[in-house]
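Hi,

Here is the model I promised to pass on.

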Amino acid sequence: MSRDPLGIHRTAKVSQARRTDRSVSRLEFFVSSQTAENVFTPMQVCYISEMHKSVRHKTILTGVDAISISSDRTFPRHSHDEFGFGYIVDGAQDSWSGRGLVEAEAGDTITVNPGELHDGVGRKGYPRDWRMLFLSPAAIRDYINKPVGSAEFSRPVLRSRQALKQSAGAFSALTQDQPDANHAEQLLMLALHTQLDSNPLTGRDTRRTPEVRTVMDMIFQCWDSCLSLADFAIATNSSRYQILRRFSREVGTTPHAYLTQHRIKRAKEMIVAGSPLAETALACGFSDQSHLTRAFSRQLGLTPGCFVRKVG
């Protein structure tokens, strides 16, 4: 066993995953910190495919969610309502985000801002493992000294031994079998303030043209309706191609993809509130439960059924 400068243990003990007539082995990494001895406690494991495993952990703090993922899957462009930060345990990824290319390897910490479009692309032929903590805007308000509207992660990737240790420590403290809420909260605050730059980013133009703002408003207000590219074109006095090109250039994805991921966010809220999946699907603009399941799994890496068991 050896340890790299960032404090990640490498062990020769490997797990085997069979594919057809050959075995695929990968080196497992374990984060070393005073508090990160076991990050796989109260959890719900959901297997989506042979090389994809999603683990959603129960946490001790309200508004804070923890997730572990091991996957060779490519995730489409999507966004979250929450602030997210975490670390790469194994493998690497070269992903796109609204802040630029995200090149992250084992030992790096990563972040995502609310509403920031990003995808998830691992390096070809290799699965990657990562851990993430997601904090709702309401929750993060308790841990920072400035308005939530001015809080923003400025660096999509940070190579720092301190940041890694703090992120791993917070993750472990939040997901232990018998967690200490005060201890977990303090470790979370330390990790958060290492990552969080409360000043708005400079040098990045986030302004939207009136046409794109109109389309986004239609999606926010009428996400449960049958919206088409023609509807957006009429509302903005544009051709279908003009509004498609403008929206994609400014937002980073198509209006349909943006609408779908917004519907999935609303579906999550209904599921948490106890709504049956079939009713949730229809209420959120999906044709049926199967349609919701496909879109949900593609965006979030786990099925609605698994999500229900996690929050139940």
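**What I found**

Among contacts in the chain (heavy atoms within 4.5 Å) between residues at least 6 apart in sequence, 66% join residues at least 24 apart. Before you read on: this is a predicted model, where local features need pLDDT of at least 70 and side-chain atom pairs count only at pLDDT 80 or more, while totals for chains, interfaces and linings use all residues. Residues are numbered from 1 along each chain as its sequence is written, and side-chain values use heavy atoms, with hydrogens and water left out.

The chain has 10 helices and 16 strands (DSSP runs numbered from the N terminus: H or I of at least four residues for helices, E of at least two for strands). Of its 312 residues, 48% are buried (under 20% relative accessible area, with a 1.4 Å probe and protein chains only; exposed is over 50%).

Now the helix pair: the axes of α2 (residues 161-175) and α3 (residues 181-195) come within 8 Å and cross at roughly 150 degrees (axes are lines fitted to C-alpha atoms over the stretch in contact, with angles from 0 to 180 degrees between N-to-C directions). That makes α2 roughly antiparallel to α3 (over 145 degrees). Residues making the contact include Ala 163 and Gly 169 of α2 and His 183 and Leu 187 of α3.

Asn 237 sits in the loop between α5 (229-236) and α6 (240-251), and is exposed, at 75% relative accessible area.

Cheers

Definitions and conventions:
Parallel < 35°, antiparallel > 145°, perpendicular 65-115°, else oblique.
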